[in-house]
Amino acid sequence: EIGVVKEVKKKAGKKKKGEKEKDDPHEAIRPSIHDGRFLCKEELGADVGTKERALYELVYNRTVARFMKPKITNSTTVTVDVGGKFEVKCRGSVTVDMGW
């Protein structure tokens with residue numbers, strides 16, 4: 001094992017007082033790659049169930065989102081003082097760019 005892996009495992013194995021047992025560090029969950037690109041849920045095999053397909057879609061969307069530009073919105077807040085007795089606050093936003 002290289003030095004970084006040893007250090008991570010060493011820190012992962014240490015417990016603080018009253019702390020539960022920790023699992024070893026593990027590989028990240030990521031979508032399947034075929035021909036140099038991520039497979040979308042429609043390309044998964046017929047043997048993949050509905051729950052597994054939904055989980056795969058969540059992992060796929062979060063992974064793709066990491067590499068794409070974020071959504072841009074303009075937000076506005078209006079606060080109106082009503083006779084010094086109370087305030088009415090309205091908020092709204094308009095999407096400028098949907099991002100990915």
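Predicted model: local features only at pLDDT ≥ 70, side-chain atom pairs only at ≥ 80, totals over all residues.

User: Which element has the highest mean pLDDT?
Analyst: The protein chain averages a pLDDT of 78, and 72% of the residues score at least 70. Helix 1 (residues 3-13) has the lowest mean among the elements, at 53. The highest mean, 95, belongs to strand 3.

User: How many salt bridges does a search of the whole structure find?
Analyst: One joins the side chains of Arg37 and Glu43. Glu57 forms one with Lys41. Asp97 and Lys69 also meet in a salt bridge. The search of the whole structure gives three.

User: What is the N to O distance between Arg37 and Glu43?
Analyst: Arg37 counts as partly exposed at 41% relative accessibility. Glu43 is partly exposed too, at 34%. Their side chains meet in a salt bridge with an N to O distance of 2.5 Å.

User: How many residues apart in sequence are the parts that Glu57 and Lys41 tie together?
Analyst: The closest N and O atoms of Glu57 and Lys41 are 3.3 Å apart, in a salt bridge. Glu57 lies in helix 2 (residues 50-67) and Lys41 in the loop between strand 2 (37-38) and helix 2, so the pair ties together parts separated by 16 residues.

User: Is Lys41 buried or exposed, or partly exposed?
Analyst: Buried would need under 20% relative accessible area, and exposed over 50%. Lys41 has 26%, so Lys41 is partly exposed.

User: Where do Asp97 and Lys69 lie?
Analyst: The side chains of Asp97 and Lys69 form a salt bridge at 2.9 Å, N to O. The pair links distant parts of the chain, 28 residues apart. Asp97 is in strand 4, and Lys69 is in the loop between helix 2 and strand 3.

User: Which class does the ring pair of Tyr56 and Tyr60 fall into?
Analyst: The count comes to one aromatic pair. The ring centres of Tyr56 and Tyr60 are 6.5 Å apart, with the planes at 25°. Planes under 30 degrees apart count as stacked. The pair of Tyr56 and Tyr60 is therefore stacked.

User: What separates Tyr56 and Tyr60 along helix 2?
Analyst: Tyr56 is buried, with a relative accessible area of 12%. Tyr56 and Tyr60 are four residues apart in helix 2. The separation is therefore about one helical turn.

User: Which strand supplies the largest share of the nonpolar patch?
Analyst: Val78, Val80, Val82, Phe86 and Val88 make up this surface patch, with about 380 Å² of accessible area together. Strand 3 (72-82) and strand 4 (86-97) each supply at least two of its residues. The largest share, three residues, comes from strand 3.

User: What share of the accessible surface belongs to carbon and sulfur atoms?
Analyst: Of the 100 residues of the protein chain, 8% count as buried. The accessible surface comes to about 9200 Å². Carbon and sulfur atoms hold 54% of this surface.

Key: Residues numbered from 1 in each chain as written. Heavy atoms only, no water. Patch = residues over 30% accessible without salt bridge, like charges linked within 9 Å, V, L, I, M, F, W, Y side chains within 5 Å. Areas by Shrake-Rupley, 256 points an atom, 1.4 Å probe, with all protein chains shown as cover. Salt bridge = Lys/Arg side-chain N within 4 Å of Asp/Glu carboxyl O. Buried < 20%, exposed > 50% of the residue type's maximum accessible area, 1.4 Å probe, protein only. pLDDT = per-residue confidence, 0-100. Phe/Tyr/Trp six-rings, centres within 6.5 Å; stacked < 30°, edge-to-face > 60°.
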